Amino acid sequence: MGDPTESPVPSRPRQTSFYVAFVIAVLPLWSVVPASWLFVIYSLHTGRIWVYGVAGWTLFSLALCEVFFSIYHYQLAKQVAGPSPCGSANPVEMQTAFIRLLKTGLANLPEDGGDEESLRTERPGSPEEQIVQLERHDPRAVDFRNCLRTWFCKVPWSSVKLDNLRRWLYWSMYNAEMPPYEQLCQSRRQPLDESLDLLQKRLGCQAEDGHNPSIRSMCLTIDPVQIWGRPFIFYASVKLVNWSIKAYYKSNFDVRHECHGGLEYLVRVPEGWDQDQLSSPHPLVFIHGLGLGLLQYHLTLSHLFETITDRPILVVLQPHISQDIFHPNFLQPMNRHQLADKLASLLKEFGWAEVDYADDTIEDEDEKQVAKALRGKRKGVTILSHSKYECIPCSEIENLD
């Protein structure tokens with residue numbers, strides 16, 4: 001069997017449904033803005049604007065809104081087109097995260113996954129392993145190379161040269177384009193070399209010297225941002241629907257929409273619920289993911305509000321990943337540390353969690369903050385993950401992602 005990391009990724013054939021969706025949904029949506037510009041220019045250039053009736057004026061007004069909004073959208077796009085303002089991470093935190101990444105999947109577990117007891121650890125199959133030089137055909141190295149080449153657009157791994165790998169690693173460490181290697185200061189060259197050595201051990205092979213100009217690595221925070229403009233009617237519709245859903249929750253489920261230090265949320269506390277009773281069930285915290293906000297999770301949330309009436313439900317709102325382009329913080333979201341701090345503070349304010357708990361085994365700062373807030377002796381919450389849709393007891397929470 002050949003090395004899968006040297007095999008090109010087969011192209012996925014497009015089904016009829018792709019073309020149907022493209023013609024019915026995608027193409028009309030993308031056509032709104034250019035069609036609006038053409039209609040406004042035509043109406044003004046020919047003077048037909050003065051002979052339009054009610055329908056014509058209505059259509060012209062909508063098209064003019066699209067024109068003005070496209071200019072506004074272009075200005076927003078320019079704001080995010082440059083490199084990310086986030087600097088490089090704290091060196092200790094960065095090293096911890098990198099080592100954790102390399103150790104993931106290192107444990108050579110049997111095909112059945114090992115016994116149940118071995119999987120009950122905090123991070124089964126990785127944290128206690130040592131990073132040693134793997135053989136090229138070691139399944140752990142092959143799998144890791146196959147995953148890592150995603151950052152190089154899935155090219156055969158042998159085409160990724162040492163300089164390509166070094167430049168990608170430099171970006172992941174320092175959030176910047178790497179200058180010529182000879183010009184690197186010692187404070188950056190040494191950590192880079194050490195990380196590269198560990199990475200190549202995990203990859204099971206040494207990258208060939210040189211640079212391959214025909215491939216490019218994905219450096220998300222410094223690459224040019226590709227933005228396809230959506231029409232005003234799309235954002236306005238999403239905004240209206242989400243506002244209507246919030247109004248529906250308020251009127252039907254006694255939900256409140258509040259804000260805590262910039263963190264917006266929906267909360268419903270059932271009447272008679274007593275947080276001081278040991279028998280009281282833990283509150284449920286739902287953190288949604290990337291998409292359309294409440295619109296995308298309406299069926300899930302309405303089901304939770306209808307069926308879970310014995311405990312509070314908290315829904316954390318994140319406008320920056322909900323197509324809420326009209327929100328004042330749409331382009332200024334909280335980072336993960338701020339989100340963890342705000343959520344911990346909110347849970348403390350509600351009295352749902354205690355923050356006097358310390359765990360010296362936790363190295364990551366944001367994990368430590370959440371652990372302090374969620375691992376009280378009697379208090380705690382259950383988080384419903386948006387990514388896997390599974391309930392996580394507060395004692396097993398590792399992060400908010």
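Trainee: Which residues of strand S5 (residues 382–385) are buried on one side, and which on the other?

Mentor: This is a predicted model, in which local features need pLDDT of at least 70 and side-chain atom pairs count only at pLDDT 80 or more, while totals for chains, interfaces and linings use all residues. Residues are numbered from 1 along each chain as its sequence is written, and side-chain values use heavy atoms, with hydrogens and water left out. Strands are DSSP runs of E of at least two residues and helices are runs of H or I of at least four, numbered from the N terminus, and buried means under 20% relative accessible area, against over 50% for exposed and partly exposed in between (1.4 Å probe, protein chains only). Both faces of S5 are covered, with Thr382 and Leu384 buried on one side and, on the other, Ile383 and Ser385.

Trainee: Which residue of S5 stands opposite Val285?

Mentor: Strands S3 and S5 run parallel and are joined by 4 bridges, where pairing requires that DSSP finds at least two bridges between two strands. Within S5, the residue facing Val285 is Ile383.

Trainee: How far apart are the C-alpha atoms of His288 and Ser385?

Mentor: His288 sits in the loop between strand S3 (284–287) and helix H8 (294–307), and it counts as buried because its relative accessibility is 3%. Along the chain, His288 and Ser385 are 97 residues apart, yet the separation of their C-alpha atoms is 7.6 Å.

Trainee: Against which helix do the buried residues of H1 pack?

Mentor: Helix H1 (residues 16–46) has a kink of about 45° centred on Phe22, the bend being the angle between axes fitted to the seven residues ending at a residue and the seven starting there. Its buried residues are Val33, Ser36, Val40 and Ser43. An α-helix has 3.6 residues a turn, so residues three or four places apart point the same way. In contact terms, meaning heavy atoms within 4.5 Å, the buried residues of H1 pack against helix H2 (54–81).

Trainee: What separates the C-alpha atoms of Glu66 and Pro231?

Mentor: Glu66 lies in helix H2 and is buried because its relative accessible area is 6%. Leaving aside neighbours within four places in sequence, Glu66 is in contact with residues including Val33, Ser36 and Pro231. Although Glu66 and Pro231 are 165 residues apart along the chain, the distance between their C-alpha atoms is 6.4 Å.

Trainee: How far apart are the closest N and O atoms in the salt bridge of Asp197 with Lys201?

Mentor: Both residues lie in helix H6, 4 residues apart, about one turn of the helix. Asp197 counts as partly exposed because its relative accessible area is 36%, and Lys201 is likewise partly exposed, at 24%. The closest N and O atoms of this salt bridge are separated by 3.7 Å.

Trainee: What is the relative accessible area of Asp254?

Mentor: Asp254 is found in the loop between helix H7 (232–253) and strand S1 (256–260). Its phi is near 55°, a positive value in a residue other than glycine. Most residues other than glycine have a negative phi. Asp254 is exposed, because its relative accessible area is 56%.

Methods. Salt bridge = Lys/Arg side-chain N within 4 Å of Asp/Glu carboxyl O.
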